[in-house]
Amino acid sequence: MDWLQNPEFLSRIQFGFNAMFHILWPPLTIGLALVLFGLEAAWVKTRQPFYFHQVKFWTKLFLINFGVGVISGVPMEFAFGTNWAPFSTASGDFMGNILGFETAMAFMLEAGFLGVMLFGWERVGPKMHLFATAMVAFGSSLSAFWIMVANSWMQTPAGVKLVDGKFVITNWLHAVFNPDLPYGFGHMFVACIELSLVVMAGVSAYYLSKRRNTGFFQPAFKWAVIALVLVAPLQIFIGDSAGALLARTQPAKLAAIEAHWHTNQPGVGAPWALLAWPNQAKQKNDWALTIPDGLSMIVTKTMTGKVVGLTHFKPDDQPPVWIPFYAFRVMVAAGVFVALLALWTVWLLWRQRERMSPARIGENKWLLRGWMLGIPAIYAALEAGWMTREVGRQPWIVYGMMKTSAGASKLPADVVLWSLLLFMLFYGVIGFAALKFMARVLRRGPGFETPPAIATRHERAAPAPAKPAITQGGH
C-alpha cells in the first residue's frame with residue numbers, strides 16, 4: 001500500500017473528500033434562498049398566510065444546510081495553506097484576492113442578514129425583512145460566483161504569466177472573466193436551482209404520498225415541477241455548450257470524459273462511446289458500445305469534425321480516464337431522468353387535472369416515488385459533475401501551467417493520513433447529525449403559526465387613538 005506513504009496523493013484524497021462533502025450543502029442554500037425570496041415576496045404582496053407558512057417550513061431545511069456548509073467550507077480554505085502551500089505561494093496574488101472577496105463581499109453579506117431573516121419577523125417591518133431575505137439570496141449567489149471564478153481560472157488560466165514560479169497578473173479582468181467562467185458558473189448556478197427544485201418536489205411528493213398536508217404541499221410540488229420544465233433542459237443545454245469550449249481549452253479532459261483515444265482522420269467522424277471499458281495502460285478501450293460519428297456531432301456539430309484523442313498527449317499529461325468517463329455518464333443520466341420526469345408530471349397536470357388535485361394526487365404512487373428518487377439522483381449528478389470537472393483537470397492544478405505535484409506541500413505522510421481520518425470522522429458525525437435534524441423537520445411537518453401583522457398604508461397613516469384621561473382617584 002505505497003499510497004499510504006505518499007503525502008501528495010493523500011493530500012489530493014483529503015482535499016477531494018472535503019470538497020465532495022462540502023458540495024452537498026451550499027447548492028441547496030443557494031437555490032432555496034431564491035425560492036424563499038419569491039415566497040416571501042408573494043406573502044408581502046398578498047398577505048396570505050399560506051405563503052408565510054411555506055417560507056417558515058423551507059427555511060428550516062435552508063438553515064441546516066447553511067450551517068453544515070459553513071462548518072465544512074472553512075477547513076478547505078485553510079488547506080490551501082497547509083496541504084497546498086507551494087500553490088498558494090505561486091497563485092496568492094490572484095487566488096488570495098478572489099477567496100478574500102468571497103468571504104468579505106459574499107459570505108459576510110449573507111451571514112449578516114441571516115440573523116434578520118431568521119429572527120426579525122416581529123422586530124422589523126415586512127419590507128425590511130424581505131430585503132434581508134433578498135440579501136441572503138444575493139450573498140449566497142455572489143459566493144458561488146467568486147468560488148467559481150477561482151475554480152474556472154484553474155481550469156482555463158488567463159490574464160497571468162508565470163515568472164520565476166509565481167503567477168503574475170497581467171490583466172485582472174481577463175483573469176476573472178476567463179474562458180471557462182460563463183459555462184462553469186452558469187452550469188453550477190443552474191445546478192443549484194435545479195437541485196433545490198428537485199428537493200422541493202421530492203419532499204412535497206413524500207408528504208403527498210403519505211396524504212399529509214396535501215393542500216400545503218400540492219402547490220409547492222406543482223411550482224417546483226413547472227419550474228423544472230424550464231430549468232432542467234436549460235442545464236442540459238449549458239452542459240452541451242461547454243463541450244465545444246473543452247475541445248478548445250481542455251482537449252485532454254474532453255478525450256478522457258469520452259474515452260476517446262485516437263484523433264479521427266479527416267473526413268471520418270469520431271465515434272461516441274455510450275459505455276466502454278477504458279484501458280489506460282494500453283491506450284485503448286477493451287470494449288465499447290459506440291455511435292458512429294456521434295462524438296464529432298456532439299462536439300463540433302458536424303459529422304466529421306476533428307476531436308483530439310488522448311494519445312495526442314504524453315501519458316504523464318493525460319487525466320485518469322475511468323472516473324471522468326463514468327462520472328460524466330452518471331451526471332447525464334440523472335439530468336435526463338429529472339427532465340423527463342418533469343415533462344411527464346407537467347403533462348399529467350395539464351391533461352389529468354382532477355387526478356392531480358390535492359384530494360387525489362396521493363393516488364399517483366409511482367409518480368411520487370419517482371420524485372422521491374429524484375433527490376438522491378440529483379445529488380448523484382452534482383457529485384458526479386464535480387468529479388468530472390476536477391479529476392478531468394489532472395494532472396494540472398492550473399491547467400497547462402502548473403502540475404498538481406508541484407503545488408503540494410512537503411508534509412509527512414502520517415500527518416496527512418491522520419488528518420484525513422479525523423476529517424472523515426468529523427464530517428461523518430456532522431453529516432449524520434444534519435440528516436437527523438432534517439428527518440425531524442420532515443416528521444413534524446409545517447407549522448401554522450399566526451403570521452406577523454402587516455399594516456396597510458392607511459393603517460400606518462392613521463393617528464394613534466388618544467389615551468383616556470386619568471383624573472384624580474383613577475377616574
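Predicted model: local features only at pLDDT ≥ 70, side-chain atom pairs only at ≥ 80, totals over all residues.
Residues are numbered from 1 along each chain as its sequence is written, and side-chain values use heavy atoms, without hydrogens or water. Local features need a pLDDT of at least 70 and side-chain atom pairs count only at pLDDT 80 or more, while totals for chains, interfaces and linings use all residues.

Confidence comes first. The protein has an average pLDDT of 86, and 93% of the residues score at least 70; pLDDT is the predictor's confidence in each residue, from 0 to 100. Over residues 455-462 the pLDDT stays under 50, and the model shows three contacts for them beyond four places in sequence (a contact being heavy atoms within 4.5 Å). Residues 464-475 also have a pLDDT below 50, with two contacts beyond near neighbours in sequence.

Next come the aromatic rings. The structure holds 39 aromatic pairs, where rings of Phe, Tyr and Trp (its six-membered ring) pair if their centres lie within 6.5 Å, with planes under 30 degrees apart counted as stacked, over 60 as edge-to-face and the rest as tilted. W43 and W121 make an edge-to-face pair, because their ring centres are 5.8 Å apart and their planes stand at 70°. This pair links distant parts of the chain: W43 belongs to helix α2 (residues 26-46), whereas W121, 78 residues away, lies in the loop between α4 (85-119) and α5 (126-155). Here helices (H or I, at least four residues) and strands (E, at least two) are DSSP runs, numbered from the N terminus. W43 and W121 are both buried, that is, under 20% relative accessible area, against over 50% for exposed and in between for partly exposed (1.4 Å probe, protein chains only). F80 and F87, both buried, form a tilted pair, with 6.2 Å between centres and 40° between planes.

Two rings also carry a charge over the face, defined by NZ of Lys or CZ of Arg within 6 Å of the ring centre and within 35 degrees of the ring normal. R329 lies over F325 at 3.8 Å from the ring centre, and the charged end of K403 sits 4.9 Å from the ring centre of W396.

Finally, the nonpolar cores are sets of buried Ala, Val, Leu, Ile, Met, Phe, Trp, Tyr and Cys residues joined through side-chain atoms within 4.5 Å. The largest has 76 residues, with F57, W58, F62, F221 and W371 making the most contacts inside it. Helix α7 (residues 181-209) gives this core its largest share, 13 residues. A second, separate core of 25 residues includes F87, A106, L181 and I397.
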